[in-house]
Amino acid sequence: MSLWLEIFTEIRIVNSTIFRFMKYLILLLFPCTLLAQNKYGLMPMKMAEYTESVKTNPENELVNLAEFIPGIVLEIGYATTNNFTGKKIYTIARAYARRPVAEALKKIQADLKKQGLELKIFDGYRPYSATVIFYETYHDTTYVASPYKGSRHNRGCALDLTLIDSKTGKELQMPTEWDSFKKEAWPTTLVADPVIRKNRKTLIDAMEKHGFKVNSSEWWHFDFVGWQKYAVMDIDFEELEK
Ligand SMILES: [Zn+2]
């Protein structure tokens with residue numbers, strides 16, 4: 001009987017030691033996790049982790065669209081003050097996208113050229129820190145991404161773009177300007193003008209044929225189907241080009 005009592009006491013001591021150890025471990029690790037996260041509870045991928053992720057999966061590579069699709073027209077609104085924040089967000093005008101996104105875009109550009117049209121890019125991959133600025137400027141998440149989740153632009157899987165005429169380089173008429181917060185920017189809003197209606201349809205059809213999906217409140221924003229596989233990143237363009 002005393003042997004059983006001894007064993008029982010032993011188990012209780014061991015159990016309470018383990019419990020105490022776990023308690024201290026949790027107390028020790030909890031602030032570390034909080035420190036690693038930002039104030040919105042996210043841990044966006046930085047340069048070193050991104051470089052490793054490209055080694056294990058080449059599809060993660062952020063491709064420079066101007067180099068990958070020679071001649072593609074860029075008009076990066078966030079590298080100017082001509083955007084809804086009224087501030088210059090990017091220090092250099094660049095458009096990057098993950099490799100499969102860039103490959104799909106190359107096919108779209110080729111399709112459009114047969115119709116005398118081309119793409120003009122307003123924005124591609126966007127560092128997470130820019131999404132935080134947008135949210136803190138304009139809290140409505142109908143038009144700006146929530147920093148608690150990050151944007152699909154932060155994953156290198158979204159593009160803001162429009163159509164231009166190959167010969168003149170002029171933008172085709174669309175329901176609104178890029179970056180507009182009007183209801184006319186919604187792709188489901190009825191458009192009276194048949195030319196504008198056709199232009200919007202040409203853009204959406206061209207993009208959706210190659211794996212993109214138009215955003216429900218912005219005719220110019222397209223998400224690459226399968227964006228969930230890619231992490232939110234906070235790497236600026238200068239770092240990518242080092
Ligand atoms: Zn967008």
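Me: Leaving aside its neighbours within four places in sequence, which residues is Ala97 in contact with?
Reply: Ala97 is in contact with Leu62, Val63, Leu65, Ala102, Leu105, Gly124, Tyr125, Gly156 and Leu159. Here two residues are in contact if their C-beta atoms, placed from the backbone, lie within 7 Å. Do keep in mind that this is a predicted model: local features need pLDDT of at least 70, side-chain atom pairs count only at pLDDT 80 or more, and totals for chains, interfaces and linings use all residues. Residues are numbered from 1 along each chain as its sequence is written.

Me: OK! Which residues have the most contacts inside the largest nonpolar core?
Reply: Those are Leu65, Tyr96, Ala97, Val101, Leu105, Leu159 and Met207, in a core of 37 residues. A nonpolar core is a set of buried Ala, Val, Leu, Ile, Met, Phe, Trp, Tyr and Cys residues joined through C-beta atoms within 7 Å. Buried means that 20 or more other C-beta atoms lie within 10 Å of a residue's own; exposed means 12 or fewer, and partly exposed is in between, with C-beta atoms placed from the backbone.

Me: Where does the largest share of this core come from?
Reply: From helix H4, which gives five residues. There is also a second, separate core of six residues, including Tyr50 and Met233.

Me: How many helices and strands are there?
Reply: Seven helices and seven strands. They are DSSP runs numbered from the N terminus: helices are H or I with at least four residues, strands are E with at least two.

Me: New topic: in what order do the strands of the sheet come?
Reply: The order is S2-S4-S5-S7-S6, an open sheet of five strands with mixed pairing. Two strands pair if DSSP finds at least two bridges between them. Strands S2 (73-74) and S6 (212-214) are at the edges with a single partner strand each, so one side of each has no neighbour in the sheet.

Me: How do S6 and S7 run, then?
Reply: They are antiparallel, with three bridges joining S6 to S7 (residues 221-224). The two form a hairpin with six residues between them. Phe212 has Phe224 as its bridge partner, and Lys213 has Asp223. On the S5 side, S7 also pairs in the antiparallel sense, over three bridges, and Ala158 stands opposite Asp223.

Me: Which way do the residues of S7 point?
Reply: His221 and Asp223 point one way, Phe222 and Phe224 the other, and all are buried. As a rule, side chains in a regular strand alternate between the two faces of the sheet.

Me: And which helices lie across these strands?
Reply: Helix H4 (residues 99-113) lies across S4, S5, S6 and S7, at about 145° to S4. Helix H6 (residues 194-208) lies across S5, S6 and S7, at about 150° to S6. Axes are lines fitted to C-alpha atoms, for helices over the stretch in contact, and angles run from 0 to 180 degrees between N-to-C directions.

Me: Which residues of H6 are buried?
Reply: Asn199, Arg200, Leu203, Ala206 and Met207 are. They are on the same side of H6, because they cover an arc of only 135° around the axis; the arc is that of the directions from the helix axis to the C-beta atoms. Their cover includes H4, S5, S6 and S7.

Me: What does the face turned away carry?
Reply: On that face of H6 you'll find the exposed residues Pro194, Lys201 and Asp205.
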